[in-house]
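Reader: I'm new to this one. Could you walk me through it and tell me how you know what you say?

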Amino acid sequence: MTTKDIGPKNPLQKGTEDAIDYVDERSGVKTGTRWFLFRNIPEGTSWFQTLGFTAMVVFGMQAITGIILAMYYVPDTEGGAYKSIEYITNEVTWGWLVRGMHKWGASVMIIVVFLHMARVFIWGAYKYPRELTWVTGAFLLLLTMFMGLTGYLLVWDQKAYWATVVAVNIFASAPILGPYIGDILRAGPEFGPATLSRFYSIHMLVIPGAIATFIGLHLYFIVRLGISEPPWSKRRLRIERDEEDARREAARERAKALPGAVNYPSTWPVEAKESAR
Amino acid sequence: MKPADKKAYDKDYAQAKKTGKPFFPYAIFKDTIVAGLVVVATIILAITVRVEVGEPVNPSTTDFVPRPEWYFYFAFELLKIFANQNALTPVIMATFMVPNILIILLVIWPFIDRGPERRIWKRPFAMGMIVLVTGFLCYTTYLGANSPGGVGSGGLPLTGLDEAGTAGMAVYMANGCASCHMVAGVGAPGPGPDLTNFGSKGWDTAKQVAWLKAPNAPMPSYASLPPAELESLANFVNGLGTKYK
């Protein structure tokens, strides 16, 4: 059946199509979208498999609230940091909410990432061919925890300050490399103004960049390898049942073929028949 | 995993994919619902449990409880578990060995557990590991959340306090020593060791002052205290269990 020509296309639609074709010719965006969005996933995909995406969304939320906080925050140890936190919390419109979301978002992110990992672990989804997906994910967990550690100091209050002094001392106590790591984190032998700006830069630039990179890798692996199928999906259970039936049938045949074999009722468990032999 | 197992898995997964459904919109639909719920829950938390502004930093007083965020409580509790061993053990075990072993295990786990089996009940080792690690993390986080906070200004139940002893105890209490150390049952049970019988070590004042200025991690340095207070504190700690019981 051929399409009937009904005259020239709507110019707006034609313009859009031409623009997409122009970009696609140069970037392959159509293929890319098809590869990313319209790939098939196993049918029995479960609600538990939404946690990875959720972790990514929470990271996005942290990025947005973090950008807003950075518009007001001053990394100054001479009272500036503390005052800017006070200002954000008490003066800025919705400032308390943005700060609250960022603070709670950190805890939520840790929980979601942990649950995501537990799901992958319990399902054995880290097995061939997804080993490297797991490795990138493990780095993402460590980066997330490091994010919490560096962000904690920025509010520059007593609790945060001393907890971070202790935490940095812990890093510094490691054999061989420890003292160097301590100096790098503190920006010198003592806690001071340089420490705060260093934590600020690590928290805002270094780790977010690293997390974004690892999310990119993680996603690439997921799309390339496909998301795993629940080990108890309907399809898997059917296959396992068929395999079990085939095994029983084979054992029954073997029992029959033996000289002097009795015809055991087929309802007997296979093990009993094997031992009876 | 043997090449045959790999092949079998690839074949099986290709089959699952073939009979599957597209990522968009099926998976995205569920993803959006769960992610949306989590974001809404965060906003509700932010509205109902407001974050407050704490005390401003004052590096010269350490009258505080060094509490990390709750997701580091397990590390904090590890310090306590090893706190009452000898001087080197807590540092090496709690701050280096245990965390690094956990991190390495975490990263290389897929290369340890390589069997093709994915069903829960057929992987007792892996399931045992996750129950063990999760149980340990939950238990230590619970302990951390319930660990005693400040010890107040009541002082320590010691006898034999002379004038120097009372002054030393005042420095001890004012600088938050009790938030990491226990003396005669008062103070936090860690991360620092119990100091009740510290005097039996027979340190002299100079050695103790040098230690307070540059202690082993994770204890913070007390170099910012005035020399007179440092000396008074050093004499007090050196007398615990011998002069002051």
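**Where the two chains meet**

Author: Across the interface of chain A and chain B, the rule finds 5 salt bridges. Keep in mind that this is a predicted model, where local features need pLDDT of at least 70, side-chain atom pairs count only at pLDDT 80 or more, and totals for chains, interfaces and linings use all residues. Residues are numbered from 1 along each chain as written, chains are lettered from A and ligands numbered from 1 in the order written, and side-chain values use heavy atoms, without hydrogens and water.

Reader: How many residues are in contact between chain A and chain B?

Author: Contact means heavy atoms within 4.5 Å, and by that rule 86 residues of chain A touch 80 residues of chain B.

Reader: What does "bury" mean for chain A and chain B, and how much is it?

Author: Buried area is the accessible area (1.4 Å probe) that two parts lose on being put together, summed over both. Here that's about 7600 Å², with 71% of it on carbon and sulfur atoms. K127(A), Y128(A) and W162(A) supply 10% of the area that chain A buries against chain B, more than any other three residues.

Key. A salt bridge is a side-chain nitrogen of Lys or Arg within 4 Å of a carboxyl oxygen of Asp or Glu.
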